[in-house]
Amino acid sequence: MQAWRVHRNGEPSEVMELEETDRPTPGDGQVLLKVLAANINFPDALLCRGQYQVRPPLPFTPGVEICGETEDGRRVLATPALPDGGFAEYVVADEAALLPVPDALDDAEAAALHIGYQTGWFGLHRRAHLQAGETLLVHAAAGGVGSAAVQLGKAAGATVIGVVGGPEKAAIARRLGCDLVIDRRSEDIVTAVKEATGGRGADVVYDPVGGDAYAKSVKCIAFEGRVVVVGFASGTIPAPGLNHALVKNYSIVGLHWGLYNTKDPAAVRACHDELTKLAAQGVVKPLVSERLPMADAARGVQRVADGTSTGRVVVLPAGGTR
Ligand SMILES: NC(=O)c1ccc[n+]([C@@H]2O[C@H](COP(=O)([O-])OP(=O)(O)OC[C@H]3O[C@@H](n4cnc5c(N)ncnc54)[C@H](OP(=O)(O)O)[C@@H]3O)[C@@H](O)[C@H]2O)c1
């Protein structure tokens, strides 16, 4: 089969190579899946660079979430077992963790439903306890996890402010349903948030970026606000001033969604049921901006790494168009 493999760490476009290799063999409790669509996530870039919290042995295939087909023809969502990730024609995955694909979604949309939306759901509801009527500030709102958080924030009845880099992303964030969009390149985030909230600030901040995004967030967070620490796409891990959290009465809330798969798998399934309902209602619809043929996967991962992609970029290894 064809698979993209990484033999040394570096920039995705330089270290990902499309090769002919053997299909992976399922172990105990695992199944072989044909990959219909593989969604590109920022961690794929970090995996290539050797900067992710998991470092699979070289050579490995990146690709952390897929929509696949079982041998008996069912469409399922799966997280492939690394080192044999999803940018390949076939993967193996744990059978117990497979989830049914919502009928409302095509293969590419389904491949983008799992990590981004589950992270948004657990971040906003379980960790930050977002309430209807509150103001939610989402950084990288036109990106992968950001676009999911915008849709879920609106579904929860929040007023959603999206922060993006550039006018093209601003237009996308507006179309996603943001009540207000701030272009971080041309506007001051703190002033704009304070203006929009009558000086109160945002109740919940969803931050997949870190660095400057975090620093600005705590300058415009509301009394008893919650900052959800989702990721560090900027490359800078903030060092928060706890004295600042004390004097302003806000909470800094960490989120590692992957842990729920072992700590509370029933909650992951319950979340999937809820997302399936929201997808059927059209409230949740993954924003797939590009559907790439297998040959273009490395280019796609590089675009996500560079922060120039919008929504989700999905690879179709079987050559389909869905
Ligand atoms: N905690 C968890 O459980 C969890 C789960 C999934 C993902 N994550 C994390 O969430 C983050 C986002 O992942 P994603 O796949 O959805 O990616 P993404 O948001 O689609 O892409 C990253 C975005 O970050 C912004 N950005 C700001 N500075 C950047 C820089 N120097 N380089 C690249 N991007 C920059 C860009 O948006 P603007 O230009 O609009 O600012 C860019 O589009 C990653 O850090 C990932 O590891 C965490």
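Contact here means heavy atoms within 4.5 Å. This is a predicted model, in which local features need pLDDT of at least 70 and side-chain atom pairs count only at pLDDT 80 or more, while totals for chains, interfaces and linings use all residues. Residues are numbered from 1 along each chain as its sequence is written, and side-chain values use heavy atoms, with hydrogens and water left out.

Leaving aside residues up to four places away in sequence, H139 touches G146, V163, I189, V205, Y206, D207, P208, V209, A213 and S217. H139 belongs to strand β8, residues 135-139, where strands are DSSP runs of E with at least two residues, numbered from the N terminus. Because its relative accessibility is 2%, H139 counts as buried, a label for values under 20% with a 1.4 Å probe and protein chains only. A polar atom of the H139 side chain lies 3.4 Å from the backbone oxygen of A213.

Turning to the ligand, V145, K169, V230, L255 and W257 come nearest among the 27 residues around it, a residue being near if one of its heavy atoms lies within 4 Å. A backbone N or O atom of F42 lies 2.8 Å from a ligand oxygen atom, a polar side-chain atom of R184 lies 2.8 Å from an oxygen atom of the ligand, and a backbone N or O atom of L255 lies 2.7 Å from a ligand nitrogen atom. Domain 1 (2-113 + 286-316) and domain 2 (116-258) both give residues to the shell, so the ligand lies between them; the domain bounds come from an automatic or database domain assignment.

Note on methods:
Helix = DSSP H or I, 4+ residues; strand = E, 2+ residues; numbered from the N terminus. Buried < 20%, exposed > 50% of the residue type's maximum accessible area, 1.4 Å probe, protein only. Polar contact = N/O pair within 3.5 Å; in protein donor to acceptor, adjacent residues only side chain to side chain.
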